[in-house]
Amino acid sequence: MADFVMPSLGSDMESGTLVEWRIKPGGRVRRGDIVAVVETQKGAIEVEIFDSGVVESLVVEPGTEVPVGTVLATVRSGDEPAATEAPVASAVARPAPPPAPEPARPAPAAAPKAPPAAARPAPTAGAAPPPVSAVPTAAPATRLRASPAARQRATALGIDLSTLTGSGPGGAITLADVEAAPAKQPARAPRASPSVRQRALELGVDLGQITGSGAKGAITVADLARAAAGAQQAKSAPARPPAAPFEPDAMRRAIAAAMTRSKREIPHYYLATTVDFEPALRFVERVNAQRDPEQRLLYAVLLLKALALALKEVPELNGFWRQDRFEPSAAVHVGVAVSLRRRGLIAPALHDVADKDLDTLMMQLKDLVQRARVGGLRSSELTDTTITLSSLGDNGVETLYPIITPPQVAVVGAGSVVRRPWVVGEGLAVRRVVTLTLAGDHRVSDGHRGALFLAALERLLQKPEEL
């Protein structure tokens with residue numbers, strides 16, 4: 001039996017809130033499947049699972065905040081027998097016990113008026129006082145169980161959650177329940193032949209949601225087939241939860257904690273070099289001149305690819321520092337620092353950068369930046385970054401000295417592209433240049449190896465057509 005635990009989505013994360021399950025007990029999962037959505041200071045993150053098997057139990061309910069490492073679910077392999085009874089929730093999450101009921105107190109305003117003293121009978125010595133009857137109180141209302149994402153979506157759609165039936169653990173209402181709600185509204189009476197109606201029952205398709213293309217709007221077999229295919233496609237693509245409510249102070253605290261740890265524990269060294277960026281920019285301009293706007297390249301992808309290839313020559317800068325030793329990484333997963341419009345910073349990773357062509361990197365970079373800003377990042381994009389690229393090229397900063405994000409051991413900075421007088425051959429020319437910096441972890445590498453890395457990076461950028 002394997003435990004699926006609350007992951008650490010960065011060195012600054014101590015706890016997370018389970019927003020929604022994407023699995024159910026008894027369901028099969030494979031390594032890499034997105035099984036849950038977790039809310040952190042960085043927003044709602046889709047969490048992947050690292051074990052394959054059958055979901056034995058969901059231990060933590062949506063809406064619960066638990067520390068990193070808390071068991072969220074258990075997964076058994078195909079060879080293990082199923083438990084006789086799958087627990088809905090265990091003590092692992094240790095939810096706070098319900099408060100003890102307070103004794104009933106008569107409300108002062110509701111207390112009956114005492115009779116006038118003259119009319120009140122004199123108490124008999126030794127007689128017990130009359131019992132005070134408790135003021136009847138209304139039974140406490142049962143709290144509706146729904147994930148934060150479901151509540152937010154229901155508010156946006158104007159849907160009353162009390163009218164829905166939850167499909168989550170313990171009957172909790174999930175985001176999918178809310179988004180499916182409009183489909184449950186009464187629909188028009190569809191026109192369809194008996195055979196189409198029978199087939200719709202077999203496929204589980206609601207005829208009321210189909211626009212017929214037959215005579216007088218009748219639903220045909222072809223209409224039904226298209227609707228069934230669309231339903232299957234929608235089922236295989238789980239809905240993405242909206243971004244969690246952003247808390248800028250919480251994100252700033254998280255960034256401060258991570259950077260404080262970095263400057264306290266990592267002995268940084270810094271190197272900088274100014275690179276002739278003219279060949280790279282001319283290559284990008286030449287390629288883009290023949291493309292539609294949506295297919296054009298940014299020079300950032302050349303930096304990413306050159307950085308990844310340079311790490312093949314200096315692998316000491318690519319990996320993690322854990323348990324007082326360096327763990328090199330064979331793959332190059334480059335974190336891209338993204339400034340969020342609502343303030344804050346996040347650096348999700350592009351995976352296997354060295355192995356991808358520029359067009360693929362461009363497409364994935366745009367997708368990654370968009371998801372970072374609207375929500376929908378995956379846990380692997382925040383946990384396996386092997387080095388980070390930080391750029392302030394759009395902000396007019398010529399030189400950037402970034403700070404290493406633990407447990408990584410290096411970070412590369414890129415400043416703005418500027419025009420400078422530059423020696424070319426035996427002459428002087430005006431060239432567009434960029435200053436690249438490296439912050440390295442002295443426990444793993446030194447300035448010599450760092451200089452070799454920057455030299456390789458510069459050399460690769462002089463031949464962009466080979467990237």
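Predicted model: local features only at pLDDT ≥ 70, side-chain atom pairs only at ≥ 80, totals over all residues.

Now widen the selection to strand E6, residues 53-58, and strand E8, residues 71-76. The two strands run antiparallel and pair over four bridges.

Next, show the sheet around them. Four strands make an open sheet in the order E1-E8-E6-E3, and the pairing is antiparallel. Which strands stand at the edges? Colour E1 (2-5) and E3 (28-29): each has a single partner strand, so one side of each is left without a neighbour in the sheet.

Move on to the largest nonpolar core, which has 78 residues. Then select helix H7, residues 299-313, which gives the core its largest share, nine residues.

Zoom in on Leu307. Beyond its neighbours within four places in sequence, Leu307 is in contact with Val334, Ile387, Leu389, Val412, Phe453 and Leu457.

Last stop: helix H10, residues 447-461. Check its length. At 1.5 Å a residue, its 15 residues should span 21 Å, and the end C-alpha atoms are 21 Å apart, which agrees. Now pick out the buried residues of H10: Gly450, Phe453, Leu454, Ala456, Leu457, Leu460 and Leu461. Look down the axis of H10. The buried residues fall within an arc of 160°, so they line one face of the helix. What do the buried residues of H10 pack against? Select strand E9 (268-276), helix H6 (278-288), H7, strand E18 (410-414) and strand E20 (427-441) to see these partners.

How values were computed. Residues numbered from 1 in each chain as written. Heavy atoms only, no water. Pairing = 2+ DSSP bridges. Core = buried A, V, L, I, M, F, W, Y, C linked by side-chain atoms within 4.5 Å. Buried < 20%, exposed > 50% of the residue type's maximum accessible area, 1.4 Å probe, protein only. Contact = heavy atoms within 4.5 Å. Expected span 1.5 Å × (residues − 1). Arc of directions from axis to C-beta.
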